[in-house]
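Thanks for coming. Please put the model up on the screen, and I will go through the charged pairs and then the overall fold.

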Amino acid sequence: MIGLVGRVSGRIGAGLVGEVMVHVPERLGTEAFLAYRAVPGEPLEPGTMVVVVEYQPPRTVYVEPF
């Protein structure tokens with residue numbers, strides 16, 4: 001999961017959970033994950049491209065803008 005690129009589908013606010021859609025090649029599709037910012041900063045709005053920097057199974061990722 002780390003290093004995969006996705007798109008924000010639900011706003012990620014400061015310290016709040018959002019949602020990202022990430023293409024997972026091993027599973028041949030795009031999947032939704034709960035997402036937090038890895039480093040506090042401005043909110044990430046829907047449509048923003050992000051990269052996964054940490055993964056906590058089963059469905060949580062920490063992201064930063066791509």
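Which side chain meets that of E45 in a salt bridge? The partner is R11, and the N to O distance is 2.9 Å. A word of caution on the source: this is a predicted model, and every value I quote is computed from it.

Now the placing of that pair. E45 sits in the loop between β3, residues 29-37, and β4, residues 49-56, while R11 sits in the loop between β1, residues 5-10, and β2, residues 18-24, so the bridge ties together parts that are 34 residues apart in sequence. Both ends can be described by their accessibility. E45 has a relative accessible area of 38% and is partly exposed. R11, at 44%, also counts as partly exposed.

How many salt bridges are there in total by this rule? The count comes to 4. I will take two others from the list.

The side chains of R27 and E31 form one of them, at 2.9 Å, N to O. R59 and E31 form another, at 3.0 Å, N to O. Here R59 belongs to the loop between β4 and β5, residues 60-65, and E31 belongs to strand β3, so this pair ties together parts that are 28 residues apart in sequence. Taken together, R27, E31 and R59 are linked in a network of salt bridges.

Is E31 buried or exposed? It counts as buried, with 16% relative accessibility; the cut-off for buried is under 20%.

On charge overall, the protein chain carries 5 positive and 7 negative side chains. The centres of these two sets lie 3 Å apart.

T60 lies in strand β5. Its relative accessibility is 16%, so T60 counts as buried. Which residues does T60 touch, leaving aside those up to four places away in sequence? They are F33, L34, Y36, E54 and Y55.

That brings me to the fold as a whole. The protein chain has 0 helices and 5 strands, and read along the sequence the pattern is β-β-β-β-β. The radius of gyration is 10 Å, close to the 11 Å that the globule rule gives for 66 residues, so the chain is as compact as a globular protein of that length. Along the principal axes, the C-alpha atoms fill a box of roughly 30 × 20 × 15 Å.

For burial, 33% of the 66 residues count as buried. The chain exposes about 3900 Å², and carbon and sulfur atoms supply 60% of that area.

What share of the contacts between residues at least 6 apart in sequence joins residues at least 24 apart? The figure is 46%.

Conventions. Residues are numbered from 1 along each chain as its sequence is written. This is a predicted model: local features need pLDDT of at least 70, side-chain atom pairs count only at pLDDT 80 or more; totals for chains, interfaces and linings use all residues. Side-chain values use heavy atoms; hydrogens and water are left out. Helices (H or I, at least four residues) and strands (E, at least two) are DSSP runs, numbered from the N terminus. The radius of gyration is taken over C-alpha atoms; the globule rule is 2.2 Å times the number of residues to the power 0.38. Buried means under 20% relative accessible area, exposed over 50%, partly exposed in between (1.4 Å probe, protein chains only). Contact means heavy atoms within 4.5 Å. Accessible areas come from the Shrake-Rupley method with a 1.4 Å probe; for residues, only the protein chains shown count as cover. Lys and Arg count as positive and Asp and Glu as negative; His and the chain ends are not counted. The place of a charge is taken as NZ of Lys, CZ of Arg, CG of Asp or CD of Glu.
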